[in-house]
Amino acid sequence: MGFKMKGANFYNSDQEDTNEVISSLDIVKKDLDEGVIAEANIDGSTYVSKDVDLNSREGKEAIAHEQIHHDQMQGGDMAYDDEFVYWKGTIYPRKTMNEGSKDLPWEKEAYEKEGDMYDRMFTNK
């Protein structure tokens with residue numbers, strides 16, 4: 001008989017605020033392409049648009065979303081290089097995809113899990 005265990009919380013009630021969660025992550029603020037808020041990198045870092053306040057709801061949602069992608073990469077479900085994205089054994093050419101599209105399978109999963117990840121990272125739920 002199996003069960004699904006919920007992931008551990010990042011947030012700790014002993015923390016002053018969620019700044020400690022954010023500062024514990026490898027986040028780099030930088031110029032990103034128009035319409036891009038954040039990117040998860042294969043090295044574990046996350047780029048966030050310099051125009052986004054990390055402590056805003058938008059910033060925290062972006063960080064939570066990208067954390068899902070980090071989990072996908074760490075779990076072996078996703079990898080990428082300059083030409084392809086590799087997802088659960090399927091190869092997707094980057095030159096023909098609309099990166100970030102909610103129709104891509106790794107994005108669908110990230111959007112589905114984003115709310116739970118947000119709660120684990122930034123609330124006491």
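A polar contact is taken here as a pair of N or O atoms within 3.5 Å, where within protein one atom must be able to donate a hydrogen and the other to accept it, and where residues adjacent in sequence count only if both atoms are side-chain atoms. The structure is a predicted model, in which local features need pLDDT of at least 70 and side-chain atom pairs count only at pLDDT 80 or more, whereas totals for chains, interfaces and linings use all residues. Residues are numbered from 1 along each chain as its sequence is written, and side-chain values use heavy atoms, with hydrogens and water left out.

By the polar-contact criterion, the backbone oxygen of aspartate 119 lies 2.8 Å from a polar atom of the side chain of threonine 123. Threonine 123 is found in the segment after α3, helices (H or I, at least four residues) and strands (E, at least two) being DSSP runs numbered from the N terminus. Threonine 123 counts as buried because its relative accessibility is 18%, the classes being buried under 20% relative accessible area, exposed over 50% and partly exposed in between, with a 1.4 Å probe and protein chains only.

Helix α3 itself has 18 residues and reaches 25 Å from its first C-alpha to its last, close to the 26 Å expected at 1.5 Å a residue, where the expected span is 1.5 Å times one less than the number of residues. At glutamate 114, α3 bends by about 45°, the bend being the angle between axes fitted to the seven residues ending there and the seven starting there. Glu114 is also among the buried residues of α3, which include Trp106, Ala110, Met117, Tyr118 and Phe122. These buried residues pack against α1 (19–23), α2 (57–74), β4, β5 and β6, contact meaning heavy atoms within 4.5 Å.

Strands β4, β5 and β6 form an open sheet in the order β4-β5-β6, with antiparallel pairing; two strands pair if DSSP finds at least two bridges between them. β4 (78–80) and β6 (90–93) stand at the edges, each with a single partner strand, so that one side of each is left without a neighbour in the sheet. The twist from one strand to the next averages 20°, with axes given by lines fitted to C-alpha atoms, for helices over the stretch in contact, and with angles running from 0 to 180 degrees between N-to-C directions. Between strand β5 (residues 84–87) and β6 there are four bridges, and phenylalanine 84 stands opposite proline 93 in β6. Helix α3 (residues 105–122) packs on this sheet, touching β4, β5 and β6, and its direction makes about 60° with that of β5.

A further three strands form an open sheet in the order β1-β3-β2, with mixed pairing. Three bridges join β2 to strand β3 (residues 46–49) in an antiparallel arrangement, in which glutamate 39 stands opposite tyrosine 47 in β3. Helix α2 lies across β1, β2 and β3, running at about 15° to β2.

Aspartate 53 lies in the loop between β3 and α2 and is partly exposed, with a relative accessible area of 46%. Leaving aside neighbours within four places in sequence, aspartate 53 is in contact with Lys29 and Gly59; aspartate 53 and lysine 29 are 24 residues apart in sequence and 9.6 Å apart in space, C-alpha to C-alpha. A polar atom of the aspartate 53 side chain lies 2.9 Å from the backbone nitrogen of asparagine 55.
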